[in-house]
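The sequence and the structure come next.

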Amino acid sequence: MAVKRKNRKELVKQQDGFLTFSQRLLATVVQYKVHVISGLALMLAVVLLVSGIRYMGIRAENQAFALMGKGVSEYEKALESDGAEKAYAQAGETFQQLLEDYGGKDGGRLGRIVYAGMAYDAGDFDTAISLYRAALDEADAYPGLKPLILSGLGRAYEAKEAYAQAAESYEMIAKGEDRLMKEEACFRLGFIYDRMGNAEKSAEVFQKFVADYPNSTYIGMVKEKLANG
């Protein structure tokens, strides 16, 4: 019996069906509590842990983390009943206060990344881009979070069909060392080049993906895309 091949529209829809940014971020933290699976998970956990200890006696830093926790709690509660868009609006006032009052603190910097993910999930891509770019400017403080920031930025640009900017973000991840983030970035990069009309570059990226990540969850889609052109 012949296997029905997916058309391009179906492939694109399937390759966009990843976890939302907020889900990926929360999953990273949960995974670390059980077992460290990547440098990114370790860095995020260390940042949270060290920040909590280092600034225990500094009132402003404690208040920043408390405010971020309040915003996340508001978001998660609303998300369950009302969806991402209303949850983003519900938590917005708290996160805006966090960024206004404590934007230069560790809690504010991490809160900016979390809030950017909420903006993306709610479809507010312009705000997500603005927040991610601000976070990227401060990424030297937490180098391990840079691939996560770049991934969020790339996806936000991709959602706006600003493919050149999206490609730039994914290429920066692909040149880095975090294997988990590189895998997804390379996968998305292949589709980005295809959308930009650069079939040759797209095929080149996908062929390298097959060689580098033969056991990837995405390997079937990549091989199918190469076969279909």
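## Helix packing and aromatic pairs

In this predicted model, helix H11 (residues 199-212) and helix H12 (residues 219-228) have axes that come within 10 Å and cross at roughly 140°. Because of that angle, H11 is oblique to H12; angles over 145 degrees would count as roughly antiparallel. The crossing in which H11 passes H12 is left-handed. On the H11 side, the contact is made by Ala203, Phe206, Gln207, Phe209 and Val210. H12 contributes Ile219, Val222, Lys223, Lys225 and Leu226. Sorted by class, the contact of H11 with H12 comprises seven nonpolar, one polar and two charged residues.

Two of the H11 contact residues, Phe206 and Phe209, also belong to an aromatic cluster.

Counting ring centres within 6.5 Å as pairs, the model has eight aromatic pairs. Two of them are set out below.

| Pair | Centre-to-centre distance | Angle between planes | Class |
|---|---|---|---|
| Tyr88 and Tyr115 | 5.5 Å | 35° | tilted |
| Tyr120 and Phe125 | 5.5 Å | 55° | tilted |

Why does the pair of Tyr88 and Tyr115 count as tilted? The planes of the two rings are at 35°, and planes under 30 degrees apart would count as stacked, over 60 as edge-to-face. Tyr88 lies in helix H5 (residues 84-102) and Tyr115 in helix H6 (residues 106-121), so the pair ties together parts that are 27 residues apart in sequence. From C-alpha to C-alpha, Tyr88 and Tyr115 are 8.2 Å apart in space.

Both Tyr88 and Tyr115 are buried. For Tyr88 the relative accessible area is 12%, and the cut-off for buried is under 20%. Apart from neighbours within four places in sequence, Tyr88 is in contact with Tyr75, Tyr115, Met118, Ala119, Ala122, Asp124 and Thr127.

In the pair of Tyr120 and Phe125, are the residues buried or partly exposed? Tyr120 has a relative accessibility of 15% and so counts as buried. Phe125, at 24% relative accessibility, counts as partly exposed.

Key:
Residues numbered from 1 in each chain as written. Predicted model: local features only at pLDDT ≥ 70, side-chain atom pairs only at ≥ 80, totals over all residues. Heavy atoms only, no water. Axes fitted to C-alpha atoms, helices over the stretch in contact; angles between N-to-C directions. Helix = DSSP H or I, 4+ residues; strand = E, 2+ residues; numbered from the N terminus. Parallel < 35°, antiparallel > 145°, perpendicular 65-115°, else oblique. Left-handed = near helix turned anticlockwise from the far one by under 90°. Contact = heavy atoms within 4.5 Å. Nonpolar A, V, L, I, M, F, W, Y, C, P; charged D, E, K, R; others polar. Phe/Tyr/Trp six-rings, centres within 6.5 Å; stacked < 30°, edge-to-face > 60°. Buried < 20%, exposed > 50% of the residue type's maximum accessible area, 1.4 Å probe, protein only.
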